[in-house]
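Subject: Structure handover

Hi,

Here is the structure I promised to pass on. Have a look at it first, and my notes follow below.

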Amino acid sequence: MTTKTLLLAAALLAGVSLPAATLAQDFNPDATIRIGSLYEPQNLDNTAGAGQGINEAFNGNVYEALFQLTDEGNVEPRLVEGYEVSEDGLTYTFTLKSGVSFHSGDPLTAADVKYSIERVTAEASKSSRKRSLSTITAIETPDDQTVVITLSARSVSLPYNLSYVWVVNDAAADITASADGTGPYTLGEWRRGSALALERNDAYWGEAPTNGEVIYTYFTDATALNNALLTNAVDIITSVQSPDSLAQFAGNASFTVTEGASTTKELLAYNDRVAPFDNVKVRKALARATDKARLLNSIWGDYGTLIGSFVPPTDPWYVDLTGVDAYDVESAKALLAEAGYPDGFEFTLDTPDYDPHPIVAQFLQAEYAKIGVKVNINIITANEWYTKIYQEKNFEATLQEHVNHRDIVFYGNPDFYWGYNNPEVVQLIADSEAAATEEDQVAKLTEANELIAEDAASNWLYLYPQIVVSAANVTGYPINGLNSQFFAYDIQKSE
């Protein structure tokens with residue numbers, strides 16, 4: 001008998017109650033957790049346009065930040081022991097945790113934090129959060145455990161924004177294909193186009209992972225991903241892409257199906273700089289010509305959520321705006337005529353080549369034909385999307401899923417790829433960040449949210465469901481996946 005079994009027997013004989021964890025099914029602390037995903041990183045540097053796959057695999061697992069956004073949506077200290085804010089809100093003094101080392105063995109110092117923040121804010125950085133840190137005017141390191149950040153204006157979201165800054169060893173060079181973080185896993189083998197392995201960091205400063213290794217296996221087809229779980233080739237699917245596949249798992253004792261809170265928005269993004277999408281009436285007409293309830297049902301069945309703006313219910317400034325520009329084909333035709341397009345118009349829709357975008361594009365093509373608008377679908381790869389749409393802004397309209405939490409701030413940046421520019425919204429979003437209290441921040445962003453919806457800045461189609469499916473003997477994984485992060489360190493696999 002094992003020591004654990006002897007203790008359990010003795011406790012039962014003595015009538016002593018034990019913690020639930022003790023009574024739970026045994027798990028293998030050295031197990032390999034096999035995670036199936038559709039999101040392979042483009043590279044391993046989250047400031048180099050690596051895509052959402054790098055966040056899924058590395059955030060909190062390989063790299064850590066001063067603060068961490070938990071799966072419940074809370075911001076908690078991670079690499080900081082504590083911090084102080086000056087009365088005017090312009091100076092933050094952070095004290096780092098002691099005894100933290102990088103995977104290479106180098107100790108974490110204030111210089112590493114300074115280096116990491118400056119990587120995100122650098123001119124060449126492709127981080128979508130670079131603008132959120134633009135109020136930083138100076139970073140000082142009076143000693144190895146202290147970081148002093150000076151701001152040009154109040155930034156009520158600074159701790160939250162710093163949760164996006166992975167702390168990297170300042171001695172590291174190119175990390176697009178390597179890694180040197182402080183997290184509970186080190187980078188193992190990365191077989192591009194196939195799999196990425198993370199190995200337990202036995203020198204980790206914090207609580208050890210409840211498994212020995214994590215392998216992300218990448219698929220380009222959702223059916224192949226589902227089959228991998230059915231055939232025991234993987235243990236977990238991080239985000240199911242079709243409700244049709246759930247029938248294979250729901251009600252089957254061999255699997256666990258969990259639906260969490262999602263921040264992933266499917267949207268038709270216009271280039272608001274170019275005609276006819278610089279005309280608010282055209283944008284509102286297309287919104288009213290879109291039967292979003294039928295689209296969502298055709299893609300997700302009973303899953304997912306209709307949204308009337310870019311803000312999901314998990315954000316503090318959420319308002320139900322689904323009634324703005326509700327489905328009304330006749331009203332859509334009238335608006336087009338008022339905008340000067342009584343006979344409609346023609347445009348090209350650049351569409352990523354992975355599900356569900358091609359299907360959504362075909363749906364929109366059929367919808368808009370009813371109001372005389374011809375949609376030419378141009379299928380592009382994820383890499384082409386990043387270059388053509390995000391970098392060069394060379395497009396008329398595109399489909400994309402945006403995964404980030406609290407990302408309404410993108411509509412306050414006229415230089416963002418969709419080019420929306422309402423000075424009132426820009427000011428509200430800027431003022432919200434300079435707010436003295438969170439209540440004031442929420443009020444301003446709620447107002448901005450309502451203005452963006454009235455402008456039909458984009459066409460927000462639906463909020464994805466967040467459905468995780470696992471083998472029944474696997475537990476402890478995150479269910480919400482905010483920002484596509486997928487913390488692996490608490491996952492347990494029983495024998």
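Which residues do ring pairs link into a cluster? The members are Phe310, Trp385, Tyr386, Tyr390, Phe395, Phe410, Tyr411, Phe416, Tyr417, Trp418, Tyr420 and Trp460. Before you read on, keep in mind that this is a predicted model.

Aromatic rings and charges

The structure has 34 aromatic pairs. One of them is Phe67 with Phe94: the ring centres are 6.0 Å apart and the planes sit at 75°, so this pair counts as edge-to-face. Phe67 belongs to strand β2 (residues 67-69) and Phe94 to strand β5 (residues 91-96), so the contact ties together parts that are 27 residues apart in sequence. Both partners are out of the solvent by the 20% cut-off: Phe67 counts as buried because its relative accessibility is 3%, and Phe94 is buried too, at 0%.

Elsewhere, Arg78 lies over the face of Tyr489, 5.8 Å from the ring centre.

Strands

Phe94 turns up again in the strand pairing, where it is the bridge partner of Tyr83. Strand β4 (residues 80-85) runs antiparallel to β5, with 5 bridges joining them.

Strand β7 (residues 146-151) is mostly covered, with 5 of its 6 residues buried. β7 also pairs with strand β6 (residues 136-143), in the antiparallel sense and over 5 bridges; there, Ile136 stands opposite Leu151. The β6 and β7 hairpin has 2 residues between its strands.

Pocket

How big is the second largest pocket? Its volume comes to about 840 Å³. Its lining takes in 36 residues, and those nearest the centre are Ser128, Lys130, Arg131, Ser132 and Asn413. The elements that contribute two or more residues are α5 (158-162), α11 (382-391), α12 (423-433) and α13 (438-454). Of these, α12 gives the largest share, 5 residues. By class, the lining splits into 14 nonpolar, 13 polar and 9 charged residues.

Cavities

Searching the whole structure turns up 3 cavities of 30 Å³ or more. The largest cavity holds about 160 Å³ of space. It is lined by 18 residues, with Ser239, Thr264, Gln466, Gly481 and Ser484 nearest its centre. That lining is made up of 5 nonpolar, 12 polar and 1 charged residues.

What about the second largest cavity, and which residues line it? The lining consists of Leu66, Val113, Ser116, Ile117, Leu162, Val165 and Val167, around about 40 Å³ of space. Helix α4 (residues 110-121) supplies the largest share, 3 residues.

Cheers

Notes:
Residues are numbered from 1 along each chain as its sequence is written. This is a predicted model: local features need pLDDT of at least 70, side-chain atom pairs count only at pLDDT 80 or more; totals for chains, interfaces and linings use all residues. Side-chain values use heavy atoms; hydrogens and water are left out. Rings of Phe, Tyr and Trp (its six-membered ring) pair if their centres lie within 6.5 Å; planes under 30 degrees apart count as stacked, over 60 as edge-to-face and the rest as tilted. Helices (H or I, at least four residues) and strands (E, at least two) are DSSP runs, numbered from the N terminus. Buried means under 20% relative accessible area, exposed over 50%, partly exposed in between (1.4 Å probe, protein chains only). A charge sits over a ring if NZ of Lys or CZ of Arg is within 6 Å of the ring centre and within 35 degrees of the ring normal. On a 1 Å grid over the protein atoms alone, a cavity is a set of points where a 1.4 Å probe fits but cannot get out, and a pocket is an open set with protein on both sides within 12 Å along at least five of seven lines; lining residues have an atom within 4 Å of a point. Grid points are joined across faces, edges and corners, and a volume is the space filled by probe spheres set on the points. Ala, Val, Leu, Ile, Met, Phe, Trp, Tyr, Cys and Pro count as nonpolar, Asp, Glu, Lys and Arg as charged, and the others, Gly among them, as polar. Two strands pair if DSSP finds at least two bridges between them.
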